[in-house]
Each structure stands twice: as C-alpha cells, then as structure tokens.
Amino acid sequence: MSERVLMCGNEALAEAAIIAGCDAYFGYPITPQNEIPAYMSRRMPEEGRVFVQSESELAAISMVFGASATGKRTMTSSSSPGISLMQEGISYLAGAELPAVVVNVMRGGPGLGNIGPSQCDYFQATRGGGHGDYRTIVFGPSSVQELVDCMPLAFDLADQYRMTVVVLADGILGQMMEPIVLEKKPGRELPPKDWALTGAKGREQNIVRSLWLPEGSLEKHNNKLQAKYEQVQKNEVLCEQYEVDDAEIVVVAYGVAARVVRAAVNKARENRIKAGWIRPITLWPFPTEQISKAADEFRIFLTVEMSNGQMVEDVKLAVAGKAPVLLHGRPGGGVPTVDEILDKIKQLSIPTKS
Amino acid sequence: METVFTRTPTFKDCPTHYCPGCGHGIAHRLIAETIDELDIRDRTIGIAPVGCAVLAYDYLDVDMIEVAHGRAPAVATGMKRTNPDKIIFSYQGDGDLAAIGTAEIIHAAHRGEQITVIFINNAVFGMTGGQMAPTTVLGQITATTPQGREAAGEGFPLQVSELLALLPGAIYVERCALSGAAGIRKTKKAIKHAFELQVGGAQGFSLVELLSPCPVYWRMTPAESMEWIEKEMTKVFPLGRLKG
Ligand code: SF4
C-alpha cells in the first residue's frame, strides 16, 4: 500500500478519503473538481460504500447532513459557486454539531468567475461561511501529498470535535500530478457517537437539532460551541516556517501560492536578502501565535495570496500593529510568479552595504 | 372496565403546541400507531420539517432530526443509502415540500429512494403567519393574498402528488384527508401501507399527502375546517390512490 504512485490531487484526495474510512460521498459536478465524483462513482461501490450524484449542492450537503447524523463518515466536494450553495447545510451541521468533510477546489470568483486557480474563498471558509456564529476547521494544503495527508486528519477532527472540516484546495492542486504515498496510518482515539440516530433500540430517543427556542437556550448552545472552538484553536494549529529567525522580510502564504513563495525566498537568500516564510497549514485555527511571535522583532511581513487580500487580515490581526504588513495579491485566476515575488522582496529589503 | 382506546407508546404523553383543531396532532398519532403496530420503533428515524411541525420530535418517541427548510428528502437519502436496514420517514408541510423543497422531493422520488414521505397539505404557510403556499386554492385569502389567490400572477394550486406519481421511481402515492372518522381511518391505512412498503424492502419511493386543517389561518372553526376540506379542497386535490 505504501508504494509511490503518480496521481492528480483530486483523485488522490478521493482515494485518501476512502482509506480514511469515508462511508458515503455525495456531490454535484462542477469544474475544476470533477475528477473527485468521477473517481468516487467507481471506487465507492467497489468498496461497498455509498456514492450519490445529487440534484444540487444544496441536496449534496443535505445528504451529508443525513448520513452524518446516523454516525457515518461522509464528505462532499465542490468548487466555489457550489460551496456558496452548501453554506446552508454547513451552518446546520455547525448548529447540530455533526461531523463532515467538505472539499473546496477553489476557482475564480465572484459569480461564475472562471475555472482558474484561486484562493478567493478564504474569508468564506475561515469565517464559518454561512449564517450564525460558528467556525469550521480549514486546511490549506500546498502539495498533493499534503492534500492526501490531511484527509484522514480531517475526518478525525470532524469526529472528535463534531465539526465541519473544510479542505481548501485550488484548481492547480486538484489537477496537478505528483508522486505520492497512500497509506493507512493509525488515527486518533475518538469519542463514541452516542448521539447518532441509529434507531432508539434499548435507549431513549436521540434528537439532532439546531433549533433552540426557550429563552437563553441558544445563547447557552452558542457558548458551548465557542468553548469547543477555543479547544480547537489551542490544540490544532498547524504551520510551517523557514528561516524566520534572522529574517527581515517574512512572507506569509498558504496552498499553491506558498510553493511559489518558497522558491522566491530561496532566490532571495541566494541574493543575500534575509527573507523567510511562514506557511499556515490550518487556516482556521490560524497560526496567530506563531506570527505574533515572529513580529516581536521588527520585520516586514508580506502576504502573498491568489486573491485581493483576505488572509492578510488575519496576518494583520496576529501582527497587531507591531510591524508593517503588505500584500501581493493576484485575483481572478492569476498565479504569482517567482520573479514577481522576488521583485517585491527586493523592493522591501534594506540594502546592505557590501 | 375494558379499555377501548389508549395512547400508543410512540406518541409521547404530553400536550402539543398545535392550535385547536389542527391536523398535525392527528397525523402524528397515526404515524405513531403505525410505528407501534409494525414494531419498528427501534429502527425508525424521522425527519421533522421547518414549519409548524418542527418540534415533531417532542411528540414522536423515535430518533429524529430537524433539517433545513425543504431538504428533508435529501437528508432522508443520505440516511437511507447509508442505513438500508433503517426505516426513514420525512414529515413535511406544503411550504417545505411544495415550495422551497420541490427539487429535493422530485429528485428523491425520481431516484426511487426507499423512503416514506408524509406530506401535510393545509394550503398555507402556518408557522410564519398564514401566507400563500403553492397549494393555496384559487380565491383563498391568506396573509399574502389579501384579495384571494389569483391564477394570473400567483398561479394555480400546485398538485405535487400528481407530479410525483408520474415518476417511475415513485411506487406509491396516495392523497387522503384528515377530516371525519372515515377520512382518518383511510389515512391510517395509507400511512401504514407506505411504511409497510419500506419495511418489506419495496424498491421505490412512497408518499401520502394529507389534506389537513389549519383553522387559525383559514379563519374557520375546527368544524368548518373539516367541511372546507371535504367541500372545497378535495375539488382541487382529489382524494385517492394516484400510484401503486
Ligand atoms: S398554524 Fe395551522 S398548521 Fe400551524 S399549528 Fe396552528 S392550525 Fe396547525
């Protein structure tokens, strides 16, 4: 099982979900993630599991809601406009505290946008996305292997915290072929799903709900959710950093943009510019502490995003005025190049006398 | 003394929040009786709608879920596909099923999902204050048709059950009325038949539509409501088996 195989991101994440024990996949076609439902339509029945092509994204997320309520591991995938439609269901999942995994292979927006790679759904993903006071855990992987590795973790976190976990990829990551290792690793110890709807056999009825009418009950419920989110913030942040200690310029980027940043920072170092990078792997919970710590010494922060600046707001919150935070954003399907990021870094660097 | 009528165990022993003369209580009771008679309480999962019956789980003592407006058939699909041994039913009103949830009900029936839908048609949106529903009859005064519903601009009453009966995936569709002892007896038979089909593993979708009184928003007494169902509603929504 652990040999290296060459797979595109969309198919790789689908296989990783199957290995992670996904019982049911529900989805509706949309580019650039169509390889996922196509792959699942073949593989899930082979495994004796469930695949349904729904009539809409609203229905797909509602099917996820139903399967999840019975205690099954379940997921859906879509791309930006489809994810907008799923926000109703994601809000209900949050209210009812049901686990789910939602993959968003982002494309350009707003509206129908284009099918180019984009990171324009950062706000939507990291702020909950739908109505109500809630959060989702969000991964922003930057390679096909990382996409594969975050799937079992996504299912585990969803079950552990009874939350939706969003895997935020983009058109490049979904389509890109990379050699990967697919293997089943031991997962987390998880609490029993004693809340699940399995038929009230030998016990009182279970009710899955998000309506809290008696005065004060919804406030109590929201506070309970908040306490859970605080646990996630405390325990589940993932981030990677490189050459930050002596850096004058720290570039913050995630996903595909972080790959370009890595190359640009390496080139900057070759040019004797003291640059480093921080790469959030979880976008919520955000690595606020790591960035805040880096800002304790004066450096310039440059955020590189395939949007007109969304994560930059979280970087600013983390830096909290201790240092300047700048943005290099490419919206609408634009992908930053190594040279344009290197130029930005050069402009910001303090010229050193040789 | 001989007990001739008693509470059925799956119908909880508590007062409901429904208005006097409302049909929901009767429909709940018939579902609870069916579940008990078929002895399926410990493998049944019910789906409550958005609408007056949102708290159905407070009255029906089975595992239940409350779902977004109109999405019950999709939720039921997710449940039944992953739990083919469970009995899944949704309980939906006309706003839920015939307005916002038309896509979900049509496609669940179209796919032949092995679920049972109890469709309460009372010709108005109850919970939000008696607005026009797709099933509101022509001339009926509601909160949003103060002059009475007109076909021009507001459309004719939507006969969802007739639409669904056309689909090969639907194996049983029947319309009954919650009016009078005979009507209620017939309704019970239909509900039980729909559940029995699912219990027996029949390959397809079943739905029972119930014409149900909403005296409050019909501005009638409970007795007048029953009469209105029989005299007026059944003209637009004829009773009987539409499929199966
Ligand atoms: S508003 Fe109508 S449907 Fe709702 S509880 Fe009252 S009588 Fe029943």
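In what follows, a residue counts as near the ligand if its C-beta atom, placed from the backbone, lies within 6 Å of the ligand. The model is predicted, and the predictor gives the complex an ipTM of 0.97 together with a pTM of 0.97. For chain B the mean pLDDT is 97, with 100% of its residues reaching 70 or more.

**Ligand site**

- By that cut-off, the shell around the ligand is made of Tyr18(B), Cys19(B), Cys22(B), His24(B), Cys52(B), Asn122(B), Gly126(B), Cys214(B), Pro215(B), Val216(B) and Tyr217(B).
- Helix α8 of chain B, residues 215–218, gives the most to this shell, contributing three residues.
- Sorted by class, the shell holds eight nonpolar and three polar residues, and no charged residues.

**Contact between chains A and B**

- The contact between the two chains brings together 34 residues of chain A and 29 residues of chain B.
- On the side of chain A that touches chain B, two or more residues come from each of β2 (24–27), β3 (50–53), α3 (57–69), α4 (80–96) and β9 (207–208) of chain A, and α3(A) gives the most, with nine residues.
- By class, this side of chain A has 17 nonpolar, eleven polar and six charged residues.

- An open sheet of eight strands with mixed pairing has the order β9(A)-β2(B)-β1(B)-β3(B)-β4(B)-β8(B)-β7(B)-β9(B).
- At its edges stand β9 of chain A and β9 (240–243) of chain B, each with a single partner strand, so one side of each is left without a neighbour in the sheet.
- The strand β9(A) runs parallel to strand β2 of chain B, residues 63–66, and is joined to β2(B) by two bridges.
- Within this pairing, Ile207(A) stands opposite Met64(B), while Val208(A) stands opposite Ile65(B).
- Helix α7 of chain B, residues 180–199, lies across β3 (87–93), β4 (116–121), β7 (170–177) and β8 (205–211) of chain B, and runs at about 165° to β7(B).

**The sheet of chain A**

- Chain A has an open sheet of seven strands, in the order β3-β2-β4-β5-β7-β6-β13, with mixed pairing.
- The edge strands of this sheet are β3 and β13 (282–284) of chain A, each of which pairs on one side only, and the twist averages 20° from one strand to the next.
- Strand β4 (residues 74–78) and strand β5 (residues 100–106) of chain A pair in the parallel sense over four bridges, and Val102(A) in β5(A) is the bridge partner of Thr76(A).
- Helix α2 of chain A, residues 35–46, lies across β2, β3, β4 and β5 of chain A, and runs at about 140° to β3(A).

**Domains of chain A**

- The domain assignment of chain A gives domain 1 (4–192 + 206–235) and domain 2 (241–348), and the C-alpha centres of these two domains lie 27 Å apart.
- The contact between them takes 25 residues from domain 1 of chain A and 22 residues from domain 2 of chain A.
- On the domain 1 side, at least two residues each are supplied by α5 (122–126), β6 (137–139), β7 (164–170), α7 (171–175) and α8 (217–235) of chain A, and α5(A) gives the most, with four residues.
- By class, the side of domain 1 that touches domain 2 in chain A has 13 nonpolar, ten polar and two charged residues.

Methods: Residues numbered from 1 in each chain as written. Chains lettered and ligands numbered in written order. Predicted model: local features only at pLDDT ≥ 70, side-chain atom pairs only at ≥ 80, totals over all residues. Nonpolar A, V, L, I, M, F, W, Y, C, P; charged D, E, K, R; others polar. Contact = placed C-beta atoms within 7 Å. Pairing = 2+ DSSP bridges. Domains from an automatic or database assignment. Axes fitted to C-alpha atoms, helices over the stretch in contact; angles between N-to-C directions. pLDDT = per-residue confidence, 0-100.
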